[in-house]
Amino acid sequence: MSLNAIELLVLQKDNTWELAEWIVPLATALEGVTAQQAAWPPPGGGNTIWQTVSHINYYNQRILSRLKGIDPGARVETNEETFAVNDDGQDEKAWADALAETKRIALELRDAIAGLSESDLKAPYATTTESTGRELSRWMLHDAYHAGQIVLIRKQQGSWRS
């Protein structure tokens, strides 16, 4: 099977969001997680699932905005700020809203990638010297990395399927 660059990026997005072919996609990693589980701090420190979802949503929304030609707004001063969550883990509605936002962004990002042209992939990405295609290709690894972290946290708390 031969794929062009855009088809390959869409396939990578599908695999990192919801198509379980080789790695655990983000949608699967988050499936069934309660607000309490999402707010559970891993032993030894580290970010909670909820904090990780906040981080994913922040950066994926910035990429989506850029792909749509929308100014993503001011950037946070430090990466740590992207993990901020204003919840104690007891609000299921706030957690459901965070998950709905994750899904919305993922699906819109997929559509935006599918709508790109080869020349769009060759164009410079935002303020970097890299092409949009190279940035997107690297970025697909971001969600996969964090999905793995979420699975690990769920295993530590005993909420991951056996």
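Which residues does Thr-28 touch, not counting residues up to four places away in sequence? Some notes on the model, with that one answered in point 2.

1. First, the ground rules. This is a predicted model, with local features needing pLDDT of at least 70, side-chain atom pairs counting only at pLDDT 80 or more, and totals for chains, interfaces and linings using all residues. Residue numbers start from 1 along each chain as its sequence is written, and side-chain values use heavy atoms, with hydrogens and water left out. On confidence (pLDDT is the predictor's own score for each residue, from 0 to 100), the protein chain averages 92, and 97% of the residues score at least 70. Helix α6 (residues 118–122) has the lowest confidence, at a mean of 93, while α2 has the highest, at 97. Helices here are DSSP runs of H or I, at least four residues long, numbered from the N terminus.

2. Back to Thr-28, which sits in helix α2. Leaving out residues up to four places away in sequence, Thr-28 touches Trp-17, Arg-154, Trp-160 and Arg-161; contact means heavy atoms within 4.5 Å. Thr-28 counts as buried because its relative accessibility is 15%. The cut-offs are under 20% relative accessible area for buried, over 50% for exposed, and partly exposed in between (1.4 Å probe, protein chains only).

3. Now the inside. The largest nonpolar core has 19 residues, of which Leu-26, Leu-30, Ile-49 and Trp-95 touch the most other members. Helices α2, α3 (35–38), α4, α5 and α7 (132–157) each supply at least two residues of this core. Apart from it lies another core, of 15 residues, including Ile-6, Ile-63, Leu-109 and Leu-121.

4. Setting aside neighbours within four places in sequence, Leu-26 is in contact with Thr-16, Trp-17, Ile-56, Thr-102, Asp-143, Ala-147 and Ile-150.

5. The structure holds nine of them. In one, Lys-13 pairs with Asp-143, the closest N and O atoms being 3.1 Å apart. That pair links distant parts of the chain, with Lys-13 in helix α1 and Asp-143 in helix α7, 130 residues apart. Both Lys-13 and Asp-143 are buried.

6. Compare Glu-101 and Arg-104, whose side chains meet in a salt bridge at 2.8 Å, N to O. They are three residues apart in helix α5, so about one helical turn separates them. Glu-101 is partly exposed at 31% relative accessible area, and Arg-104 is partly exposed at 30%. Salt bridges with shared partners join Lys-68, Glu-101, Arg-104 and Glu-108 into one network.

7. On the surface, Leu-3, Leu-8, Leu-11 and Leu-19 form a nonpolar patch, with about 280 Å² of accessible area together. Leu-19 lies in the loop between α1 (5–17) and α2 (26–30), and is partly exposed at 33% relative accessible area. Patch residues have over 30% relative accessible area and no salt bridge, with nonpolar side chains (Val, Leu, Ile, Met, Phe, Trp, Tyr) joined within 5 Å and like charges within 9 Å. The areas come from the Shrake-Rupley method with a 1.4 Å probe, and for residues only the protein chains shown count as cover.

Methods
Salt bridge = Lys/Arg side-chain N within 4 Å of Asp/Glu carboxyl O. Core = buried A, V, L, I, M, F, W, Y, C linked by side-chain atoms within 4.5 Å.
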